[in-house]
Amino acid sequence: HVGRGQGGPGRFGLSSACIRGIEARVAAMGGGNSVEFFANARSITVPGQKCLMSSSLDDLSPAVPPQNLIAALVEYLTRPVDLTAEILVKDVRITEHDGLNDFTVKVIFDGEVLDASGFGRGDGTDRVRKWKRVKVDQGKWSLNWVDHVPEEGAGKWIDEAKEEGGQSVTVTILSDPSRIEVVILEPTGDYLSDEKLKQGMHALFANLISQAQLSLQDVVKAQVGPAIKHSGEQSVIVEDMDKHVKYNDFFDFYVNILREGFAGAPSLVLEEPKDGEFSAFNMDNRITHVVTFNMETGEISQRKEDPLHNILTSTHWQIYKRPLVLEAWSIDESGARVAGPLLVRNVHRAANASIARSKGWFTKLGFRRSMCAVRSAVLDE
């Protein structure tokens, strides 16, 4: 089914290079506890061919089990968009063929935003930035994706994009020693493993390894299940939180994490007009995100509005006190209820982060709102 987004590339050439450059700035940040990649290495899974090969994963601390690394890669591929490109995203569509073991993801950039940025075609045409068919083989700790539009050219205009075969990338977690092998196969039959690709994979896996290590500390799990508030529907549910956190702490930190997500994004102006509400205005596409929250009722809502204040999409969270349970669902552009993998991912991260913060020194000193959020509010005033 579908996920949502906001913001797209421009004229082929300068525009595609600019888009890739923007995205690369975030990817290049990477992480410190990472592995090195080697270009033009001998492939283990495809004898006689070249691949990208990592150094040993055994030296990572904490160690990352193969299933966690594959899970982090799957999570990324459900929304393969870097933070600085979010302002360009109009939609992220996921079609599940066999759950998250076999799915298609399509990232569409907003043609009007591209035009306003000087990178569009001039007629509001959207661009398919990424379109991938992803298949996971859990038994072999392997994942393959095929690009229907080229990464190198920043995708294709939506009226030119076709679901056809393209570059194939296969990631396998090897053992004895534990390493990451990346086999890249062109439609022409050529195998690629050069220095430029090596750098890209290093940046990608630096972030994935960091995320996989963080996931080892998770104490609760978000998953799709029967709705609590609306019988007969589906919601994203997080249960069994009582033993980890108190209601007030969890509520406060969850709201703060939502606030920080906007405070750290480019081109957004954060305002807090009154208690129980804050908004983030996107100066590029003039979209406003309004978040309201009420600790007494346990309700949190986020709505996305166009310049005329028409509601485009919304997300709702209900936190129940006894037992301490979180329920979430979204409403898409058509008015349909959505409780899919993207919402599961976001709720899972935010719930575990809220619990982790509740156990930190900051909370023990009597603070609930993070320093980042406090600073943002002060600057906005």
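The model discussed here is predicted. Its chain has a mean pLDDT of 85, and 86% of the residues reach 70 or more.

**Confidence along the chain**

- Residues 1-32 have a pLDDT that stays under 50, and the model gives this stretch 104 contacts beyond four places in sequence.
- The pLDDT is also below 50 over residues 369-381, a stretch with 19 contacts in the model beyond near neighbours in sequence.

**Helix 4**

- Helix 4 covers residues 195-215, which makes 21 residues.
- The buried residues of helix 4 include Lys 198, Met 201, Leu 204, Phe 205, Leu 208, Ile 209 and Ala 212.
- In an α-helix there are 3.6 residues a turn, so residues three or four places apart point the same way.

**Aromatic pairs**

- The count of aromatic pairs in the model comes to six.
- In one of them, the rings of Phe 262 and Phe 278 have centres 6.4 Å apart and planes at 65°; planes over 60 degrees apart count as edge-to-face, so this pair is edge-to-face.
- This pair links distant parts of the chain, since Phe 262 belongs to helix 5 (residues 247-263) and Phe 278 to strand 15 (residues 277-282), 16 residues apart.
- Both Phe 262 and Phe 278 are buried.
- Phe 278 also pairs with Phe 293: the ring centres are 6.2 Å apart and the planes stand at 50°, so the pair is tilted.
- Here too distant parts of the chain are linked, with Phe 278 in strand 15 and Phe 293 in strand 16 (residues 288-294), 15 residues apart.
- Phe 278 has a relative accessible area of 0% and is therefore buried, whereas Phe 293, at 23%, is partly exposed.
- Phe 250, Tyr 254 and Trp 317 together form one aromatic cluster.

**Charges over rings**

- Lys 106 places its charged end over the ring of Trp 131, at 3.8 Å from the ring centre.
- Arg 127 lies over the face of Trp 157, and the distance to the ring centre is 4.6 Å.

Conventions: Residues numbered from 1 in each chain as written. Predicted model: local features only at pLDDT ≥ 70, side-chain atom pairs only at ≥ 80, totals over all residues. Heavy atoms only, no water. pLDDT = per-residue confidence, 0-100. Contact = heavy atoms within 4.5 Å. Helix = DSSP H or I, 4+ residues; strand = E, 2+ residues; numbered from the N terminus. Expected span 1.5 Å × (residues − 1). Buried < 20%, exposed > 50% of the residue type's maximum accessible area, 1.4 Å probe, protein only. Phe/Tyr/Trp six-rings, centres within 6.5 Å; stacked < 30°, edge-to-face > 60°. Lys NZ or Arg CZ within 6 Å of the ring centre and 35° of its normal.
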